[in-house]
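I opened a new structure today and kept notes as I went. Here is what I looked up, entry by entry.

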Amino acid sequence: MNQEIKEQLSAAGMNMEGALSRLMNNEMLLERLLIKFKADTNIAGLEKALEEQQYEEAFHFAHTLKGVAGNLGLEKLMDAVGIVVEKLRSQTHEGIEGDMEVVREAYAQLMEVLKQVG
């Protein structure tokens, strides 16, 4: 992964240092995991479950997405999804669409950069 992509990922809310620390500074492993993340379906599952008002299912998708984002150092996405997770956990759905807009923006920004990876 070149320096420009690393900078773009940082600008998109990734804590590169934290992610590499969790992976014993293995950049190749991080790159492979980021490539796998591009195919992750939790965001789509979350969107569909919310659309269908399947809030328990939405919670599981959101919680998984938050965990994956956290492990990869995708802090902006993790924080945004974390708000949705907490609302779903407490069964408070008011304003969740606005919260999801923040999740979508963070996700889209990451995906734009990740197009260049792999």
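**K6.** I started with the contacts of K6, taking contact as heavy atoms within 4.5 Å. Leaving out residues up to four places away in sequence, K6 touches M1, M16 and E27. K6 sits in helix α1, residues 3-11; helices here are DSSP runs of H or I with at least four residues, strands are runs of E with at least two, and both are numbered from the N terminus. Buried or exposed, I wondered about K6? K6 is buried, because its relative accessible area is 16% (buried is under 20%, exposed over 50%, partly exposed in between, with a 1.4 Å probe and protein chains only).

**Where the numbers come from.** I noted that this is a predicted model, where local features need pLDDT of at least 70 and side-chain atom pairs count only at pLDDT 80 or more, while totals for chains, interfaces and linings use all residues. Residues are numbered from 1 along each chain as its sequence is written, and side-chain values use heavy atoms, with hydrogens and water left out.

**Whole protein.** I found 7 helices and 0 strands. The radius of gyration is 14 Å, close to the 13 Å that the globule rule gives for 118 residues, so the protein is as compact as a globular protein of that length (the radius is taken over C-alpha atoms, and the rule is 2.2 Å times the number of residues to the power 0.38). I also looked up the span of the C-alpha trace, which is about 40 × 25 × 20 Å along the principal axes. Of the 118 residues, 41% are buried.

**Helix α6.** I then went to α6, residues 75-89, which has 15 residues. From first C-alpha to last, α6 reaches 20 Å, close to the 21 Å expected (1.5 Å times one less than the number of residues). Which residues of α6 are buried? I listed L77, A80, V81, G82, V84, V85 and L88. Their cover includes α3 (27-38), α4 (42-51), α5 (55-71) and α7 (96-114).

**Two positive phi values.** Just after α6 comes Q91, with a positive phi of about 55°. Q91 is in the loop between α6 and α7 and counts as exposed, because its relative accessibility is 64%. I placed N25 in the loop between α2 (16-22) and α3. N25 counts as exposed at 60% relative accessibility.
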